[in-house]
Amino acid sequence: MNKYTELAEELTQEARIISRNPGDPVEVLYAPEPWKLLGCGNYAAVFVHPEYPHLVVKIYGRNHEELLEEISVYRQLGEHQGYSQCYGYGERHLILKRIKGITLYDCLHKGVKIPEKVIRDVDEALRYAQKRGLFPRDVHGKNVMISEGRGIIVDVSDFCKNEECYKWSDLRKAYYKIYLPFFYRFPLRVPYPVLNGIRIGYRWYKRWKMKK
């Protein structure tokens, strides 16, 4: 682990990550070899090293103070099958257990079935977090993965914020009212531009509804 900690520090120092818009994922302009970019969120980018496939490094591209909150969240969560685990951290990064699988977002893109058990797993994980004194929010299709048949929440960076968030409840409603009765048996492959359009449309709808 000491060697990996050193590699994570080097990666954090050398990687170039920028944020163009607070509402969009950060962008990685450069990362040293042999690190591989796994994905980007609104706060951070996640990398894996080929010699340590069971671990990832999550580097914050903005709001570095939020990193301390995420560390606190993982401490409160402890070990739970619905979440990753934090093994270490630096000034701008976390070292996390890697969750291998496919996001619900990519399931829609690739036409992969989303079992109802995955939804129930996430519901249980959210209840667990609430019992631990946390405030689960910003749980959506890109932050939930199917790993070995289970639903796992892979981003808990906003679980300290005591604010209302309807993303999971809205996704859950769409699953039971639209996806399960009409598309589960014959999943469609939805192009990314369409999915992104739905994401943007949903964001504008929620803003409009809040102003009413």
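## Helix α5

Which residues are buried in α5? In this predicted model, the buried residues of α5 are Trp168, Tyr175 and Tyr179. The cover over the buried residues of this helix includes α3 (104–110), α4 and β9.

The helix is not straight: α5 bends by about 40° at Tyr175. Its end-to-end distance also falls short of the straight value. With 17 residues, α5 would reach 24 Å as a straight helix at 1.5 Å a residue, but its end C-alpha atoms are only 20 Å apart. Tyr175, the residue at the bend, is also one of the buried residues of α5.

## Overall architecture

The chain contains six helices and 10 strands. Its radius of gyration is 17 Å, close to the 17 Å that the globule rule gives for 212 residues, so the chain is as compact as a globular protein of that length. The C-alpha trace spans about 50 × 40 × 35 Å along its principal axes.

Of the 212 residues, 40% count as buried. When contacts between residues at least 6 apart in sequence are considered, 62% of them join residues at least 24 apart.

## Salt bridges involving helix α4

The count of salt bridges comes to 12. One of them is formed by the side chains of Arg120 and Glu116, with an N to O distance of 3.8 Å. Both residues belong to helix α4 (residues 116–131), where they stand four residues apart, about one turn of the helix. An α-helix has 3.6 residues a turn, so residues three or four places apart point the same way. Arg120 is partly exposed, at 44% relative accessible area, and Glu116 is likewise partly exposed, at 31%.

A further salt bridge joins the side chains of Asp121 and Arg150, at 3.3 Å from N to O. This pair links distant parts of the chain, for Asp121 lies in helix α4 and Arg150 in strand β10 (residues 150–153), 29 residues apart. Asp121 counts as buried, with a relative accessibility of 10%. Arg150, by contrast, is partly exposed, with a relative accessible area of 25%.

## A salt bridge between loops, and a network

The side chains of Arg137 and Glu163 also meet in a salt bridge, with 3.4 Å between N and O. Arg137 is in the loop between α4 and β9 (144–147), and Glu163 is in the loop between β10 and α5 (167–183), so the pair ties together parts that are 26 residues apart in sequence. Arg137 counts as buried, at 16% relative accessibility, whereas Glu163 is partly exposed, with a relative accessible area of 46%.

These two residues belong to a wider arrangement. A network of salt bridges links Arg137 and Glu163 with Glu66, Asp158 and Lys161.

His80 is placed in the loop between α2 (65–77) and β6 (86–89). Is His80 buried or exposed? His80 counts as buried, because its relative accessibility is 16% and the cut-off for a buried residue is under 20%.

A polar atom of the His80 side chain lies 2.8 Å from the backbone nitrogen of Gly82. With neighbours within four places in sequence left aside, His80 is in contact with Glu124, Ala125 and Tyr128.

## Backbone features in the loops

The peptide bond from Glu33 to Pro34 is cis, with omega near 0°. Pro34 lies in the loop between β2 (27–30) and β3 (36–40).

Asp138 lies in the loop between α4 and β9, and Glu148 lies in the loop between β9 and β10.

Technical notes
Residues numbered from 1 in each chain as written. Predicted model: local features only at pLDDT ≥ 70, side-chain atom pairs only at ≥ 80, totals over all residues. Heavy atoms only, no water. Salt bridge = Lys/Arg side-chain N within 4 Å of Asp/Glu carboxyl O. Helix = DSSP H or I, 4+ residues; strand = E, 2+ residues; numbered from the N terminus. Buried < 20%, exposed > 50% of the residue type's maximum accessible area, 1.4 Å probe, protein only. Expected span 1.5 Å × (residues − 1). Bend = angle between axes of the 7 residues up to and from the residue. Contact = heavy atoms within 4.5 Å. Polar contact = N/O pair within 3.5 Å; in protein donor to acceptor, adjacent residues only side chain to side chain. Rg over C-alpha atoms; globule rule 2.2 N^0.38 Å.
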